Amino acid sequence: MTSAALEHAGEPDSAAPQRRGVLFVFAGLMIAMLLASLDQTIFSTALPTIVGELNGVDHMLWVTTAYILASTIMMPVYGKLGDLIGRKNIFIAAITLFMAGSVIGGLAGTMTWLIIGRAVQGLGGGGLMILAMAIIADVVPARERGRYMGIMGGVFAFASVAGPLLGGYFTEGPGWRWAFWMNIPLGMVAIAAAVFFLHPHTATADRPKLDVAGTALLALASASLVLTSVWGGTTYAWDSAQIIGLIAVTLAAAVGFVFVEQRADEPVMPLHLFRERNFVLTTVAGLLIGIAMFGAMAYLPTYLQMVTGSSATKAGLLMIPMMAGVLITSTLIGQVVSRTGRYKIYPIIGAVVVGVALWLMSTMTADTSIVVICSYLAVMGIGLGLSMQILVLIVQNTFPAREVGTATASNNYFRQIGASLGSAIVGTVFANRLAELLSGLSTSGSGASANSLTPELVKTLPESVQHVIVSAYSEALTPVFFYLVPLMVLAAALLGFVHEKPLATTIEHEAAEPLEVAAVMAD
């Protein structure tokens, strides 16, 4: 049981932390979430400069992959450890590890050390978002949690746009290393909020039994799957020995993981989670939405630069309508859920709206105006704001406090896997279609090829060649958005079967015994 659970067991609402204390805690959690979210995107605009200075273009992919891979692997681990020994100390440790990675990256003189720094950041970053969501569940009743979860969704949306902009600003201004150094003061503020306003850690009576074998197998399966999604169709062909081998390792590790989890005393991802209908439905829906969301977001900036002629900075600014849609909608819906206690309909509507946005984006052509494109992005943002954070709330409301961290981490783990798969699938289809459409470009007299095109180069080419390139980029990407629409239809259908359990109105935590009895009976 968590430290918060131990201190609140059996207490009425009046004994809960006062609102001011909760707000201070929440502010610290938001900073931690902002750090984790920004570092997924902040280097996207800085990478060309970084690899040029450190002479590491061949290892450029690993600057992002190292962070994503490490954070994905650590998500379930942090969730389980938080449930076993309390979240306060684990949260502080995660922030400290993240800051240590930032120092390594900020001082890096070679690509190797930069990638090591990013990996260490990921090891800490995997816990920042998960523990922040779980800590809110410790101190705020589910009925009131909607408004907080809505703001959390807004923070993620803000980071998705602010990251590339900050990366560009630091690169053109004080230097790209400030993308690392800015984490130090922000991390210290988050640690201070945890030290002074989170409830003190209370150790468990017995030494927790860590699921080492399960964690190792989950890490192996996650690493193999993420590397398959990153390398497949780009670094290696899908039918190459490397990719086939990675797929085989993923499947073998996944089977071994299920076998081990059935026998572990404290499984890192308990299989009985999957016996809960709401958990399964929301997790699968979250994975599908993650595929669509990250599949679209990963290549929209490229589309905006190549098709509309926007600069990298302007392309980032053009993503603001989507950010605004997520921020406003998630905040408003969070307030509505807290007032009414009803929540099932919103993620269903959200999945439908995201599907509509994808269909609208599939109709874009090279002549579509920027205003229309931005309106489509706003619709996408509204759909995401209606769904993503409410799905987390449903998961948390399904399980007792003893497993809130584990359930939240497991749900987000699959969403992160969906994000990796979405980027990979869309990227592979986009790249293959683009190569096909531009296959004859080098014979046009321009001397350009699909592999050498940049927004700056395109502007210097003859107008007739520009038209071919712009049309090719549009025709290569927009149909992919339509292919993602059925995923949203499936997500909406699945969410229709969610059981709308009443949201808890207190922060009283159940004892461990009823859960254990229920698990035994379920077995």
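Helix α7 (residues 142-172) gives the most to the lining of the largest cavity, with 5 residues. Helices and strands here are DSSP runs, numbered from the N terminus (H or I, at least four residues, for helices; E, at least two, for strands). The model is predicted, with pLDDT of at least 70 needed for local features and 80 or more for side-chain atom pairs, while totals for chains, interfaces and linings use all residues. Residues are numbered from 1 along each chain as its sequence is written, and side-chain values use heavy atoms, with hydrogens and water left out.

The largest cavity has a volume of about 320 Å³. In total, 4 cavities of 30 Å³ or more were counted. A cavity is a set of points, on a 1 Å grid over the protein atoms alone, where a 1.4 Å probe fits but cannot get out; lining residues have an atom within 4 Å of a point. Grid points are joined across faces, edges and corners, and the volume is the space filled by probe spheres set on the points.

The lining of the largest cavity holds 25 residues, and Phe156, Met293, Met388, Gln389 and Arg415 are the closest to its centre. Two or more lining residues come from each of α6, α7, α12 (277-308), α14 (320-340), α16 (370-398) and α17 (404-437). By class, the lining has 16 nonpolar, 8 polar and 1 charged residues. Ala, Val, Leu, Ile, Met, Phe, Trp, Tyr, Cys and Pro count as nonpolar, Asp, Glu, Lys and Arg as charged, and the others, Gly among them, as polar.

Helix α7 also packs on α14. Their axes lie 6 Å apart, at an angle of about 175°. Axes are lines fitted to C-alpha atoms, for helices over the stretch in contact, and angles run from 0 to 180 degrees between N-to-C directions. The angle makes α7 roughly antiparallel to α14 (over 145 degrees). Contact means heavy atoms within 4.5 Å. Among the α7 residues that meet α14 are Gly146, Gly150, Gly153 and Gly154; the α14 side includes Ser330, Thr331 and Gly334. This contact divides into 9 nonpolar, 10 polar and 5 charged residues.

The axes of α6 (residues 111-139) and α7 come within 10 Å and cross at roughly 165°. That makes α6 roughly antiparallel to α7. The crossing is right-handed (the near helix is turned clockwise from the far one by less than a right angle). Ala132, Met133, Ile136 and Ala137 of α6 meet Arg145, Tyr148 and Met152 of α7. Here the classes are 6 nonpolar, no polar and 1 charged.

Helix α6 meets α16 as well. Their axes come within 11 Å and cross at roughly 55°. The crossing of α6 and α16 is right-handed. Met133, Ala134 and Ala137 of α6 contact Gln389, Val392 and Gln396 of α16. These residues divide into 4 nonpolar, 2 polar and no charged.

Conventions
Parallel < 35°, antiparallel > 145°, perpendicular 65-115°, else oblique. 1 Å grid on protein atoms, 1.4 Å probe; cavity = no way out; pocket = protein on both sides within 12 Å on 5 of 7 lines; lining within 4 Å.
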